[in-house]
Amino acid sequence: MPHHDTRTSARPLRAWASRETTGGALLIAAAALALVWANSPWREAYHDLSAWTVGIEAWHLDLDLAHWAADGLLAIFFFTVGLELKHEIVAGSLRDPRRAAVPVIAAVGGMLVPAAIYLAVVTTAGDAGAARGWAVPTATDIAFALAVLAIFGRGLPVAIRTFLLTLAVVDDLLAIVVIAVFYSDGVALAPLAAAVGAVVLFALLARSAYVHPWLLWPLGLVAWGFMHASGVHATIAGVLLGLTVPARPVNGEQGSRVQRYEHAARPWSSVIALPLFAFFAAGVTLVDGDGVGGVVGEPVVLAVVLGLVAGKVLGILGAVALVTRGSGLRLPEGVGIRDLAPVGLLAGIGFTVSLLIAELAFEGDDGLVGAAKIAVLAGTVLSATVAAVLLRVDARRARSADENRDGVVDRPQPAIGSDETLVP
């Protein structure tokens, strides 16, 4: 009987799971399914499933499935974010401060302006209780935004993807800081110290010549468990673990462990963790109580939608305009002002992290949680739709020889969608 190599047969599945378009499609499908089920005659079954509690009570891990998705599965996504951050800081677009300055400052502007718009709307409406959700429209969903760019930005310079990726990675880093500082419970120092100890041990093993994933995963779970017990949001453990993995080759290896671990973890994040989180987070029931009108009438809805759709574009465009005037800083080679409107709209795809912040900000207030989630979904759909149109328009227009207007002719570079863009 011929030997069947399971690794060879699994490669097409892994390649499919690793595609940016796959993750985006599964996110949309999971959120749509949840929204339809939560507003169907069988909506009680959806809420019963979300509230089904499993886990070990003695360890304070008896969580319902919705919390397991938000605190547990989402840690896998944040682990990949940590890995991506480490790669970008050590060997990627963030290693050169001058090159990274413009997208980093754009990311800061893209967080400050949506927060300001949100606070202005809820303050004007006299809804002081909603002010604690100021961070909801500040986040960018890397997976979803890159998926939209991959589909509709074909033919555009790959520098636009690098700019968006840098901006989104910094955005995620700032969102992680916001979650840790503003949306974590009172901190218990002993479990936090144990979590840090587990992360340090993970870091030592991750650099060892004899490390094996089956040693790292249990240690990662220990770090996650202690972080959860400490009161700091458990997903922070995922980021810290990812940041400890070496981004340059060690022990005579050919490639970096960051890229190898990300290649291994990304399918689990894209195909399982993110869709399941979206499924449990997006199921807002609109047909009960005051209906759609009651939810949409909440000031938080307008505040979040304006923050995501208008705030991101204005913040990014404004920050870039300020930093490139009178300074030596310029947009990356091949990226022009014309590209910033679709990039700003792509950054307005909040989705995963925005849904998480909505749950954390309004915990205990189902009305505001539901309104914020509907607003995130509406703002995300609107941003993605307009971005898709602008990307196709941008791709059809002729590009100048000096798109970033730095006085130097841009070098030829691969286009989004070409085989060359698949190289990490």
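Contact here means heavy atoms within 4.5 Å, and helices (H or I, at least four residues) are DSSP runs numbered from the N terminus.

**Ground rules.** I am working with a predicted model, in which local features need pLDDT of at least 70 and side-chain atom pairs count only at pLDDT 80 or more, while totals for chains, interfaces and linings use all residues. I number residues from 1 along each chain as its sequence is written, and my side-chain values use heavy atoms, with hydrogens and water left out.

**Entry: H8 against H9.** I started with helix H8 (residues 189-206) and H9, which pack at an angle of about 160° with their axes 7 Å apart. For the record, axes are lines fitted to C-alpha atoms, for helices over the stretch in contact, and angles run from 0 to 180 degrees between N-to-C directions. I call angles under 35 degrees roughly parallel, over 145 roughly antiparallel, 65 to 115 roughly perpendicular and the rest oblique. H8 and H9 are therefore roughly antiparallel. Their crossing is left-handed; that word applies if the near helix is turned anticlockwise from the far one by less than a right angle, and right-handed applies if clockwise.

I then listed who meets whom. In my tallies Ala, Val, Leu, Ile, Met, Phe, Trp, Tyr, Cys and Pro count as nonpolar, Asp, Glu, Lys and Arg as charged, and the others, Gly among them, as polar.

**Entry: H9 against H10.** I moved on to helix H9 (residues 213-230) and helix H10 (residues 235-243), whose axes are 8 Å apart at an angle of about 140°. That makes H9 oblique to H10. This crossing is right-handed. H9 brings Gly-220, Ala-223, Trp-224 and Met-227 to the contact, and H10 brings Ala-237, Leu-240 and Leu-241. I count 6 nonpolar, 1 polar and no charged residues there.

**Entry: H6 against H16.** Next I looked up helix H6 (residues 142-152) and helix H16 (residues 366-396), whose axes come within 9 Å and cross at roughly 30°. H6 and H16 are therefore roughly parallel, and the crossing is right-handed. On the H6 side I see Phe-144, Val-148, Leu-149 and Phe-152; on the H16 side, Thr-380, Ala-384, Ala-388, Leu-391 and Arg-392. These divide into 7 nonpolar, 1 polar and 1 charged.

**Entry: the cores.** Which residues touch the most other members of the largest nonpolar core? I found Val-300 and Leu-346, in a core of 104 residues. Helix H7 (residues 158-182) gives the most to this core, with 13 residues. A second, separate core of 16 residues includes Leu-83, Val-258, Tyr-261 and Ala-265. By nonpolar core I mean a set of buried Ala, Val, Leu, Ile, Met, Phe, Trp, Tyr and Cys residues joined through side-chain atoms within 4.5 Å. Buried means under 20% relative accessible area, exposed over 50%, and partly exposed in between (1.4 Å probe, protein chains only).

Back at Val-300, I set aside residues up to four places away in sequence and found it touching Tyr-118, Val-122, Phe-362, Leu-368, Ala-371, Ala-372 and Ala-375.

**Entry: H15.** Helix H15 (residues 351-361) is mostly covered, with 11 of its 11 residues buried. Glu-359 and Ser-354 are among them. Thr-352 of H15 counts as buried because its relative accessibility is 1%. Beyond four places in sequence, Thr-352 touches Leu-27, Leu-74, Asp-141, Leu-274 and Phe-277. Phe-351 also lies in H15, and at 3% relative accessibility Phe-351 counts as buried.

**Entry: two loop residues.** Asn-251 has a phi near 55°, a positive value in a residue other than glycine. I place Asn-251 in the loop between H10 and helix H11 (257-281), partly exposed at 46% relative accessibility.

Arg-95 sits in the loop between helix H4 (65-90) and helix H5 (97-124). Buried or partly exposed, I wondered of Arg-95? Arg-95 counts as partly exposed, at 45% relative accessibility. Leaving aside neighbours within four places in sequence, Arg-95 is in contact with Glu-88, Ile-89 and Val-90.
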